[in-house]
Amino acid sequence: MPEGDTIHAAARRVGAVLVGKEIVAIETPQARHAMDRWPERLAGRPVLSVDAHGKHLFMRFDGELTLHSHLRMGGMWGVYPAGKRWSRGRHRAWLVLRTSEAEVVQFDGPVLELMTESRTRFDARLAALGPDILAPELDEARFLTRLREDDPTRGIGDALLDQRNIAGIGNVWKSEGCFDACVDPWRRTAEVTDEDALRIVRGTRIRMQESVSLGGHIRGLRVYDRSGRPCPRCDTRIRARGQGDDNRTTYWCPGCQR
Ligand SMILES: [Zn+2]
């Protein structure tokens with residue numbers, strides 16, 4: 001599942017080929033969007049910016065129109081030189097934007113909507129999002145406020161996945177972030193100090209920034225998907241178990257994470 005680093009990297013790639021370029025064609029091949037008239041509404045409008053907040057991507061067009069996308073479990077953004085073969089089948093494309101040099105394609109995108117700027121600003125789902133872990137300045141105070149308003153019996157690993165506490169962390173970074181900070185993901189947030197909570201998000205932010213700079217490529221995973229293998233820090237066997245209401249797998253070392 002794409003996490004915040006993947007989406008931020010995609011926003012950079014998409015922005016690099018669309019901002020300041022003439023969009024020569026927009027297509028919405030899925031039947032679901034056939035009546036939406038996006039190609040007509042967006043015709044002739046330049047893309048002003050492409051940005052991300054958590055796992056959400058926003059493509060802002062001139063005239064106060066914004067395309068909002070969330071990839072959920074399996075979607076992706078592809079950027080290709082014009083005429084080059086795509087990495088997924090044509091029938092899976094939801095949105096295609098063409099310039100004379102490039103094609104930008106959103107595949108398998110369950111959330112794709114065209115909103116006015118004011119609706120984007122007042123959308124309840126977006127307003128509920130916690131601070132973006134990859135924002136230029138991490139709003140640590142707001143993260144702590146949200147965390148402390150949340151259920152204190154919740155494990156910290158589960159709380160980190162909740163996009164209302166902090167936006168952008170998914171299953172990979174939840175496990176890696178707790179490991180890096182030596183915090184047991186099962187520890188109740190009531191017993192996680194502000195200092196511990198901040199150590200987790202600061203460390204996670206650095207690793208996610210590195211991933212963005214590598215185009216969304218994650219390097220050097222230490223516990224994620226390594227169940228049964230020795231901990232790189234203490235040699236104890238890494239464990240895996242479903243956590244939270246959604247039972248998302250958490251990986252951790254019972255030897256050195258407290
Ligand atoms: Zn260990």
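Mentor: Happy to. One definition to begin with: a pocket here is an open set of grid points with protein on both sides within 12 Å along at least five of seven lines, and its volume is the space filled by probe spheres set on those points. Keep in mind that this is a predicted model.

Trainee: Fine. What volume does the largest pocket have?

Mentor: The largest pocket comes out at about 630 Å³.

Trainee: And which residues lie nearest its centre?

Mentor: K55, L161, D162, Q163 and D246 lie nearest the centre of the largest pocket, out of 22 residues that line it. Two elements, β4 (65–70) and α6 (156–161), each give two or more residues to that lining.

Trainee: How do the lining residues divide into nonpolar, polar and charged?

Mentor: For the largest pocket there are ten charged residues, with six polar and six nonpolar.

Trainee: OK, what about the second largest pocket, how much space lies in that?

Mentor: About 210 Å³ for the second largest pocket. Its lining has 15 residues, and P2, T6, G75, M76 and G216 are the ones nearest the centre. Here the elements giving two or more residues are α1 (4–18) and β5 (76–81).

Trainee: Which element gives the most to that lining?

Mentor: That's α1, with four residues.

Trainee: Why is α1 described as largely enclosed?

Mentor: Eleven of its 15 residues are buried, so the rest of the structure largely encloses α1. Buried means under 20% relative accessible area. Among the buried residues of α1 are G4, I7, H8, V14 and L18.

Trainee: And what follows α1?

Mentor: G20 follows α1, and its phi is positive, near 80°.

Trainee: Which residues other than glycine have a positive phi?

Mentor: D108 is one of them, with phi near 50°, and D225 is another, with phi near 65°. D108 sits in the loop between β7 (102–107) and β8 (111–116), while D225 belongs to the loop between α8 (194–213) and β9 (239–243).

Trainee: Are those two buried or exposed?

Mentor: D225 counts as exposed, at 55% relative accessibility. D108 is partly exposed, with a relative accessible area of 23%.

Trainee: Switching topic to the metal. Which residues coordinate the zinc ion?

Mentor: Four cysteines do it through their SG atoms: C231, C234, C253 and C256, at 2.2 to 2.4 Å. Along the chain, the donors of the zinc ion follow the spacing C-x2-C-x18-C-x2-C.

Trainee: Why is the arrangement called tetrahedral?

Mentor: The four donor atoms subtend angles of 98 to 118° around the zinc ion, which makes the arrangement tetrahedral. For four donors, that label needs all angles to lie between 85 and 135 degrees.

Trainee: Are C253 and C256 buried or exposed?

Mentor: Both C253 and C256 are buried.

Trainee: Last topic, a few loop residues. Where does D62 lie, and how far is it from R45?

Mentor: D62 is in the loop between β3 (56–61) and β4. D62 and R45 are 17 residues apart in sequence, and their C-alpha atoms are 5.4 Å apart in space. At 37% relative accessibility, D62 is partly exposed.

Trainee: And L134, what's its distance to E117?

Mentor: L134 and E117 are also a pair 17 residues apart in sequence, with 22 Å between their C-alpha atoms. L134 lies in the loop between α4 (124–127) and α5 (140–149), and it is buried, with a relative accessible area of 11%.

Trainee: I had A167 on my list too. Buried or exposed?

Mentor: A167 counts as buried, at 1% relative accessibility. You'll find A167 in the loop between α6 and α7 (171–180). Its C-alpha is separated by 21 Å from that of L114, 53 residues away along the chain.

Methods: Residues are numbered from 1 along each chain as its sequence is written. This is a predicted model: local features need pLDDT of at least 70, side-chain atom pairs count only at pLDDT 80 or more; totals for chains, interfaces and linings use all residues. Side-chain values use heavy atoms; hydrogens and water are left out. Donors are N, O and S atoms within 2.8 Å of the metal (3.2 Å for Na, K and Ca); water is not among the atoms, so sites may look incomplete. Four donors count as tetrahedral if all angles lie between 85 and 135 degrees; four count as square planar and six as octahedral if opposite donors are over 155 degrees apart and all others between 65 and 115; anything else is irregular. Buried means under 20% relative accessible area, exposed over 50%, partly exposed in between (1.4 Å probe, protein chains only). On a 1 Å grid over the protein atoms alone, a cavity is a set of points where a 1.4 Å probe fits but cannot get out, and a pocket is an open set with protein on both sides within 12 Å along at least five of seven lines; lining residues have an atom within 4 Å of a point. Ala, Val, Leu, Ile, Met, Phe, Trp, Tyr, Cys and Pro count as nonpolar, Asp, Glu, Lys and Arg as charged, and the others, Gly among them, as polar.
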